[in-house]
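Let's take a friendly walk through a protein together. Keep the picture open as you read, and look for each part as it comes up.

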Amino acid sequence: MPVLISSREDRRRVSTQPQTFQMTQYSQLNPAERILMGPGPSSVSNRVLKALASPTLGHLDPQYVQIMDETCALLREVFQTQNKMTFPVSGTGMAGMETLAVNLLEPGDEALVCVNGAFGGRMKDVMERCGAIVHTVESAWGEIITDEAAAEAIAAHPKAKLFAIVHAETSTGAHQPLINISKSAHDAGMLFLVDSVTSLGGHELQVDEWGIDAIYSGTQKNLSCPPGLSPVSFSDRALEVIEERKTKVKSWYLDVSMLRDYYMGNASGGRAYHHTAPINMTYALREALIMVREEGLENRIARHAEMHQRLRGGLEAMGLKYVPSHSLHNLNCVYIPDGTEDAAVRSRLLAEYDIEIGAGLGPMAGKAWRIGIMGHACTKRNVDLVLAALKEVL
């Protein structure tokens with residue numbers, strides 16, 4: 001029963017009494033060491049984890065600003081771009097998607113978006129929330145957008161401000177060719193936008209060479225950094241579009257015109273405070289990017305291709321069939337064999353082998369598995385282990 005306090009004196013007396021609480025017994029935080037072979041996040045190396053645990057600095061500390069600048073320079077290398085406005089958005093890959101949309105679109109603008117999986121569908125949703133009129137170029141889940149379909153859509157919607165497409169569709173494992181579509185979009189005067197969340201650092205991707213005007217990615221896939229940042233890059237052409245906006249960017253937090261003064265410096269050369277950056281996550285990303293440089297980007301991409309062939313050979317030998325005709329190297333999407341219970345297999349892999357693989361999304365739910373071999377997890381040991389474990393469970 002509650003205690004009724006009748007007077008101010010009683011209340012004062014009660015408030016000064018020492019209070020005791022029943023302490024709940026919490027178990028020690030000790031997460032299991034999983035072998036992450038799903039669509040992300042991927043396994044993180046000890047080097048990156050140690051960097052994450054380094055002393056926290058202030059977000060305008062000169063030492064941190066130098067670390068941040070080095071991180072942006074390393075991102076340019078992995079994106080293969082000279083774009084000055086290349087930086088990590090404080091948020092996961094979806095924050096990168098929203099950053100491109102809210103900065104490059106104004107209410108009433110027309111946009112062309114390719115939808116052949118879950119993340120193309122998300123781009124459509126995000127751009128509609130910006131007030132854009134979105135026209136879609138669609139194909140079945142697991143299929144790519146053909147050059148011809150893209151060209152037809154561009155011709156049918158000449159007023160579209162931008163053309164957006166997913167390079168690596170995480171929901172289906174489809175690997176999308178970009179070069180010819182980029183040329184068609186540019187010939188029509190459109191910006192070319194790309195989702196590279198699952199391709200950056202694991203597949204060939206050349207931002208400048210392929211004419212990509214704006215692109216976003218994530219840290220938790222092939223870069224093998226914990227989730228929490230979204231690398232983005234804007235071309236000079238894209239920045240001109242932002243400067244010529246007639247309306248304010250809807251998101252204050254993701255407004256590139258203000259973020260530029262933090263990441264690149266303002267007219268006086270100083271860094272303008274915008275938000276408190278995730279300091280330790282920047283340390284982790286910098287270390288992960290240094291590891292990419294040490295291995296060599298071409299070597300890293302070749303490693304993913306080699307391990308894909310090793311995994312694919314083993315899966316097909318077990319009778320498993322791939323969903324996409326154009327498959328990613330680092331995310332292998334295969335049909336579940338008839339009569340096999342999806343959740344039971346994944347649960348046994350996790351319980352008996354500490355191996356995580358991904359379930360299907362959308363129309364692929366219960367019909368497909370997504371097996372990732374990304375970054376630090378992309379090794380012969382892991383490929384052979386998941387093949388052996390899957391064979392035993394099946």
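We will visit a helix, some strands and a pocket.

This is a predicted model, in which local features need pLDDT of at least 70, side-chain atom pairs count only at pLDDT 80 or more, and totals for chains, interfaces and linings use all residues. Residues are numbered from 1 along each chain as its sequence is written, and side-chain values use heavy atoms, with hydrogens and water left out.

Start with helix α10, at residues 279-295. Helices (H or I, at least four residues) and strands (E, at least two) are DSSP runs, numbered from the N terminus. Helix α10 has 17 residues and reaches 25 Å from its first C-alpha to its last, close to the 24 Å expected at 1.5 Å a residue; the expected span is 1.5 Å times one less than the number of residues. Among the buried residues of α10 are I279, M281, Y283 and V292. Buried means under 20% relative accessible area, exposed over 50%, and partly exposed in between (1.4 Å probe, protein chains only). The buried residues of α10 pack against several elements, including β2 (85-90) and β10 (229-234); contact means heavy atoms within 4.5 Å. Just after α10, G296 takes a positive phi of about 95°.

T86 has S233 in β10 as its bridge partner. Because 6 of the 6 residues of β2 are buried, β2 is largely enclosed by the rest of the structure. In β10 you will also find S230. Why does S230 count as buried? Because its relative accessibility is 0%. Residues that S230 touches include F87, P88, V89 and Y216, leaving out those up to four places away in sequence.

Elsewhere, an open sheet of 3 strands has the order β11-β14-β13, with antiparallel pairing. Its edge strands are β11 (331-335) and β13 (358-359), each pairing on one side only. β11 is joined to β14 (residues 368-372) by 5 bridges, and L331 stands opposite G372 in β14.

Our last stop is the largest pocket, with about 580 Å³ of space. Of the 20 residues that line this pocket, E33, R34, S43, V44 and L49 are the closest to its centre. A pocket is an open set of points on a 1 Å grid over the protein atoms alone, where a 1.4 Å probe fits, with protein on both sides within 12 Å along at least five of seven lines; lining residues have an atom within 4 Å of a point.

Terms used: Points joined across faces, edges and corners; volume = space filled by probe spheres on them. Pairing = 2+ DSSP bridges.
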